[in-house]
Amino acid sequence: MTISRSRLALFAAAATCLAVAPFAAGGDEKPKPGTFDGDVAAFIDAYCLSCHMGKDSEGKFDLDPFRDEASARGKSHGLREIREKLLEHEMPPVGEPQPTSPERAACVAWIESALRGAKAPSPGGGRKPAPGSGKKPGADAGTHGAGKSGAAGAAPATAEPEAPGDPGRVVLRRLSRAEYVNSVRDLIAVDVVTDADFPADDLGYGFDNVGDVLSVSPLLLEKYARAAERIAAEAIVTPDAGGTTARRVEAETLKLKEGAGLRDRTWVNMFSSSDVTAQVTLPRDGEYLLRARAYGDQAGSEPARLAWAVDGKRVGDVDVPATRAAPAEYEVRVRLAKGAHQVTAAFANDYYAPDAPNPADRDRNLALDWIEVAGPVDAVVLPASHRRIFAADPGGSDAAARARAVLRPLASRAWRRAATDDEVSRLVKLAASAKGATFESGIALALQAVLVSPHFVFRVEHGSEARALTGDEIAARLSYFLWSSLPDDELAEAARRGGLATADGVAAQVRRMLRDPRASSLATNFAAQWLELRNLAVAAPDPVRFPSFDEELRVAMRAETEMYFEAVLREGRDLRELVLSDWTFLNERLAKHYGVPGVRGPEMRRVALNGARPGGILAHASVLTVTSNPTRTSPVKRGKWILDHLLASPPPPPTPGTDSFQGGEAALRDASIRVQMERHRKDPACAVCHVKMDVLGLALEHFDAVGAWRETDGRFAIDATGKLPDGRAVDGADGLRRVLASGDAMPRALAKKLFVYAVGRGTNPNDEAAFDRLVEALPPDGRTIEDVITGVVRMDAFRLRGAQPSEAKTTGGK
């Protein structure tokens with residue numbers, strides 16, 4: 001048969017446009033599986049083989065092997081693709097004979113039954129599943145891929161090789177910036193700011209903790225070393241930082257201002273209102289004495305006065321009644337912060353009366369021999385970091401034994417496993433080798449080594465063999481998944497005693513960890529990346545068209561979505577409330593932007609919307625802003641965002657030259673954006689993806705480019721209606737929310753996103769059966785984010801590792 005170029009372009013786009021079938025109608029009772037010969041084979045013969053048979057098949061997708069049940073059951077990847085195209089109504093394409101709804105439903109039901117590993121009815125000679133096609137012996141249910149069925153040799157030579165239950169393999173991963181900050185905080189109670197020091201992490205599959213993209217350059221290694229030095233200095237108080245030290249600056253080295261000069265080569269004489277400055281660096285926060293040796297050329301009714309300032313802020317004055325014949329020392333006590341400061345001594349009360357009868361009473365001046373900053377003079381208050389690091393110090397005269405007692409638990413927790421005797425001995429030796437070291441400064445040097453070690457910077461899973469992960473490795477996966485940080489003592493103890501050896505044991509820790517404050521990182525780290533909230537920081541709406549957008553609004557936008565996600569998670573709410581609710585978090589600034597009355601003050605708080613605006617993340621200004629252009633909304637960006645983030649079905653990149661409207665912005669002044677998009681869809685290469693994206697994006701057109709409600713777009717009335725490929729109508733944001741909240745598409749998409757974030761790799765075809773089982777195991781009603789998280793950690797791919805890196809093609813793009 002002759003195949004037109006437009007048909008080839010149409011199928012090529014369709015073949016890659018979706019990874020799942022997001023628009024399968026939900027809520028209805030699923031039809032019972034038909035028979036293979038009576039329903040599936042007949043369906044393929046009638047509607048598919050005319051284009052998809054032999055080596056010249058359209059889209060290079062040959063369905064001839066699927067005409068035999070044993071062969072079809074052995075090709076789960078292909079079955080999934082067929083199911084997706086049927087559910088999406090992409091196949092058969094428009095213009096070809098179409099099956100009836102019952103025919104399509106029966107074929108899809110058989111495929112789903114086969115993918116679950118169930119035995120579908122088949123009077124035509126179906127075969128029993130092969131032994132071992134279910135779960136592995138001793139493994140937990142719902143974690144393995146479906147096995148092949150059919151006797152040995154029954155599958156044709158063209159059957160694709162598959163690896164049921166292959167958990168895949170994760171490459172060596174370094175800590176992301178957020179993970180590094182959190183790990184240091186939880187290890188030694190030091191808050192680190194890395195944004196200015198470490199380069200931004202690259203994204204893989206939408207997340208910055210994916211091993212494939214977490215590169216390490218020599219420059220980054222140097223930055224790790226510098227950061228470790230600063231962290232150790234802040235964490236540990238050394239004896240020289242706790243003693244009193246005078247930082248004296250002699251007069252001849254002071255920086256002089258106009259109105260001051262040297263007298264007798266060793267004194268500064270300030271003969272008019274002037275000052276001198278010096279730079280000092282202080283070892284810690286504390287109380288210090290600002291001291292000077294001075295005298296005054298006295299005149300007038302009051303003595304010379306010395307005024308002190310630190311970093312430009314006046315901190316104290318002192319009278320200087322001493323004379324040149326008997327200089328004296330004068331001081332003020334002030335509290336100063338650790339670090340570098342500029343200290344200023346000023347002549348505060350210049351006096352000059354040339355006509356005074358007494359020549360000695362005509363000119364008041366101030367002279368300084370030196371100034372100094374002495375201290376700290378208050379008692380040392382050891383910070384939490386110091387107390388935590390030295391908690392195991394037994395004291396005594398045996399420095400090596402003390403160091404070993406301190407460094408073993410420190411290194412073990414930092415490296416997320418028990419440090420070996422040899423490793424601890426090397427750290428003890430390093431601590432003792434520090435030049436002129438006190439015990440504390442030696443430990444500080446060893447701490448630097450702990451923090452620059454690959455065992456801290458990288459998440460290491462040793463060995464090349466296929467195996468179950470160790471308890472320590474599972475604990476690390478769990479803690480960085482849920483907390484973006486290292487395991488706590490309870491999780492580490494569970495790992496040591498074998499409490500993470502089963503899926504039930506892992507799930508029990510999930511329940512505990514999600515109730516810990518550190519689980520907020522799922523909102524600030526996972527959700528912020530999943531929903532692209534980080535892009536809000538660089539969003540730049542046109543200030544002429546959107547003058548209400550400012551930094552205060554930007555901050556409130558992101559806070560709303562992060563707090564909303566965390567509330568749905570922590571309160572065990574139905575995950576459908578992510579898109580379908582009547583509440584949110586607002587402050588006065590954001591409420592005014594939304595037109596919600598009765599909210600006062602800058603604090604974010606839960607607010608019932610009472611119909612004033614749709615609830616759920618699709619109506620959040622954060623999401624609506626990052627999916628818009630600077631000057632206008634973008635239904636394409638919004639539709640693509642929904643496909644990618646809420647349905648895990650990202651469309652392929654547009655064909656070169658088809659990614660913008662003809663005529664650009666000028667065309668939008670002559671016709672509504674809806675009309676322009678209808679014209680754009682006339683190109684067959686664009687239509688197959690835009691028919692889905694456009695409906696989704698147009699449903700949100702009542703929200704402008706910064707998320708405010710509107711009824712018109714310029715001079716054009718908003719039309720937010722549309723029809724999905726399966727025939728369901730969508731009427732605005734409310735209709736879209738209800739469509740997305742129905743069925744299994746959104747829970748499955750959330751599971752995939754959580755999986756990538758948890759495991760650190762993209763999904764591959766061997767994971768699909770596990771996702772099928774995960775979604776099927778969710779409760780029919782009241783599904784929560786915690787249910788999905790628990791399903792993810794029960795997967796083999798979370799608790800096991802394969803022998804070799806997965807060769808399977810990933811289903812998500814970097």
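What percentage of the 814 residues of the chain count as buried? The share is 53%, where buried means under 20% relative accessible area with a 1.4 Å probe and protein chains only. This is a predicted model, in which local features need pLDDT of at least 70 and side-chain atom pairs count only at pLDDT 80 or more, while totals for chains, interfaces and linings use all residues. Residues are numbered from 1 along each chain as its sequence is written, and side-chain values use heavy atoms, without hydrogens and water.

**Overall make-up**
- The chain has 29 helices and 22 strands, which are DSSP runs (H or I of at least four residues for helices, E of at least two for strands) numbered from the N terminus.

**Nonpolar cores**
- A nonpolar core is a set of buried Ala, Val, Leu, Ile, Met, Phe, Trp, Tyr and Cys residues joined through side-chain atoms within 4.5 Å.
- The largest such core holds 85 residues, and those touching the most other members are Phe481, Leu482, Leu522, Phe526, Phe565, Ile642 and Ile789.
- Helix 26 (residues 745–759) supplies the largest share of this core, 10 residues.
- Another core, of 42 residues, lies apart from it and includes Tyr224 and Ile389.

**Helix 14 against helix 28**
- Helix 14 (residues 471–482) packs with helix 28 (residues 785–794) at an angle of about 155 degrees, their axes being 12 Å apart, where axes are lines fitted to C-alpha atoms over the stretch in contact and angles run from 0 to 180 degrees between N-to-C directions.
- The two helices, helix 14 and helix 28, are therefore roughly antiparallel, a term for angles over 145 degrees.
- Leu478, Phe481 and Leu482 of helix 14 meet Ile789, Val792 and Val793 of helix 28, contact meaning heavy atoms within 4.5 Å.

Technical notes:
Parallel < 35°, antiparallel > 145°, perpendicular 65-115°, else oblique. Buried < 20%, exposed > 50% of the residue type's maximum accessible area, 1.4 Å probe, protein only.
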